[in-house]
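Take a moment with the sequence and the model below. The paragraphs that follow walk through them step by step.

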Amino acid sequence: MAYWFELAAGGLITGGIYAVVALGLNLQYGLMRIMNISHGEFLMLGAYLTWLGYTVLQVNPLVFLPVVALALFALGVVVYWLCFQRITRTAPAVEVIEARSLLVGFGLMFLVQNVANLIWGADYRGYSFLTEALDIGGARFMTNRLVVFAFAVGASLLLLAVLRWTLIGKAVRAMMQSPTGAQLVGIDTRFLHPVVFGVGIALAGVAGALLSMVYEISPGMGEPYTVTALIVIVLGGLGSAARCLLGGFLLGLVETFGMHFTSPSLKMLLSYAVLIAVLLARPKGLFAR
Amino acid sequence: MKLRHSILATLAAALVLSTMPWLLSDFALAMTLTCLMYAGLAVSWAMFCGATNYLSLATAAFFGLGAYVTTWTSGGPLPYGVAVLLGGLLAAAFAGLIGAAVLHLRGAYFAVITFGLGELVRHAVTYYEKAFQGTVGRVIEEPPEAVTIYHTVLLVSAIAVITALVVRASRLGLALRGIGADEERAQTLGVNARHAKILGFALSAFFAGALGAAMAMRWTYIDPPTVFNPFIGFQTVLIAMVGGAHTLIGPLVSSVVFSLLTEFLRLQFPYLFLILLGLLLILLVLYLPGGLASLIGRWRWRKSNA
């Protein structure tokens, strides 16, 4: 029994991280049709920032988390201004925005990943943080994993609350439903787009900071998370943050239990099989009504 | 230029290129081979994706499938030409099958699912090889001579260019461009969009598969990470879009530029090269979204208005 509990908890912990990464990407895509394939690269930057903070400045990673979030938010706004603003303004159709932003995303991916390679080298880095085990109901967990889970879920719920109960959240939801309609009732795109893009990048950075407490980090660590985020978005359907959170947990569970019943080398195969099955059967998302 | 003239020009260029093995050094020949491979891949990608605005990221999957055909038939060694043809046909059949299932999806969904399918095939092949064959890679015994490989790749790429020319001038090409401009309107005007899309997708996959089979022989050792390398797919898409995916000359020119850049810079400054590539890509998309080919258009426009 404790074994199954551990397994399920493991799936949920992975799923929590997936959800945070996917939420940011979902916001960007849902609001601006920006397919930011370099999303995982900003996760990597968040991880390296936290690692630097811990090893150079000796700051507790959890205390450093707001700094990472703010730094990546600022970076996200700058990246939006430099790269994506022109695309959303000049593209004649939505599909063109998607295609061009995908290409720019590839460019950013090459750029950021290799700048990181130049600065820090391709080796794996890591630090140990809160590694003692904890007993809960007969099951044993590493403390850092539980902390990561709590913060991932906390960040996701915070975002959900902001979207649901604040004026700016209402504006974001309105823009997801109808971009033109939202502009007609006076919602300022020029303000909202960079801010939402920045928030998406900040979420990726937070996910990276959390991951660095548990796993070793490297410049190439972001890419798989981009793909996973895409899968989660497809699972949850576009434009809904709550379903995206659900999708993240679901994928985490499917992966963990799938690996348990088959073999660990099938992990990616499982994720892609889920992605393709869902896209074929329910292209609007698993939970679409 | 009329269709006949374009085809003749392609054949002439192919003829000139076919003498290269006796004129160039080994290093230069290897570089030319890479150029030819990417030219074939980019032109066949643009033939479908450029015309219809469907962004397919499955090139690596077709390429890898083609490459693996050369090893699966190792029981009785197939003649090289047959393996290349078979690789192309298998990739085309696979494309037709998945095309029938996923070509109703548009935009980013299509891009994501084609990428996912490519990765699915790669992981499936890896798993199959490990679990049932007990290997991670395969060595190709008795590969054909370098000159033969060069001529085969040249032939496949030349046929790809000619096919792209013929398709552009045909009803199929018109239908594909119509779908790219406005799919619903094209359907209203009597285009069977489903058939046209599946046919175009399979046709472009044929060349990717054939090139994969042809190039596999050169590597002599193949394993899933090399032949299903997503970088091959990305590079193809980048080359085609940077050149101008709706034209034919654009992908051809940019495949030469990109391959030369890659070969010269990647070995010496691997990180710096990719940083430059990323920057170049961003700047091109932002300030020259029609691709390099739109420069020619602008120049002509200016001349006629001078």
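The model is a predicted one. Now step back along the chain into the helix itself. α1(A) covers residues 2-32, which makes 31 residues. From first C-alpha to last, α1(A) reaches 45 Å. That is close to the 45 Å expected at 1.5 Å a residue. How much of α1(A) is buried? The helix is mostly covered, with 22 of its 31 residues buried.

Helix α9 of chain A takes in residues 222-236, 15 residues in total. Its span from first C-alpha to last is 21 Å, close to the 21 Å expected at 1.5 Å a residue. In α9(A), 13 of the 15 residues are buried, so the helix is largely enclosed by the rest of the structure. Just after α9(A) comes Gly237(A), with a positive phi of about 90°.

Next, the whole of chain A. Chain A holds 11 helices and two strands. Read from the N terminus, its elements go α-α-α-α-β-β-α-α-α-α-α-α-α. Along the principal axes, the C-alpha atoms of chain A fill a box of roughly 55 × 45 × 35 Å. Does the radius of gyration of chain A agree with a compact globule, or what value would one expect? For 289 residues, a compact globule would have a radius of gyration near 19 Å, and chain A agrees because its own value is 19 Å. Of these 289 residues, 51% count as buried. Take the contacts in chain A with a separation of 6 or more: 77% of them come from residues 24 or more positions apart.

Chain B comes next. It has 14 helices and two strands. Its C-alpha trace spans about 65 × 45 × 40 Å along the principal axes. With 306 residues, a compact globule would come out near 19 Å in radius of gyration; chain B has 19 Å, so the two agree. Buried residues make up 48% of the 306 in chain B. Among its contacts between residues at least 6 apart in sequence, 83% join residues at least 24 apart.

Now look inside. The largest nonpolar core has 196 residues. Which residues have the most contacts inside it? They are Val21(A), Val206(A), Val153(B) and Leu211(B). Helix α9 of chain B, residues 193-219, gives the most to this core, with 16 residues. Follow Val153(B) to see some of the packing. Leaving out residues up to four places away in sequence, Val153(B) touches Leu33(B), Leu36(B), Met37(B), Leu211(B), Ala214(B) and Met215(B).

Finally, the place where the chains meet. The contact takes 32 residues from chain A and 32 residues from chain B. On the side of chain B that touches chain A, three helices each supply at least two residues: α5 (107-133), α11 (230-243) and α13 (270-287). Which of the elements gives the most to this side? It is α5(B), with 14 residues. By class, this side of chain B has 25 nonpolar, five polar and two charged residues.

Note on methods. Residues numbered from 1 in each chain as written. Chains lettered and ligands numbered in written order. Predicted model: local features only at pLDDT ≥ 70, side-chain atom pairs only at ≥ 80, totals over all residues. Contact = placed C-beta atoms within 7 Å. Helix = DSSP H or I, 4+ residues; strand = E, 2+ residues; numbered from the N terminus. Nonpolar A, V, L, I, M, F, W, Y, C, P; charged D, E, K, R; others polar. Rg over C-alpha atoms; globule rule 2.2 N^0.38 Å. Buried ≥ 20, exposed ≤ 12 C-beta atoms within 10 Å, placed from the backbone. Expected span 1.5 Å × (residues − 1). Core = buried A, V, L, I, M, F, W, Y, C linked by C-beta atoms within 7 Å.
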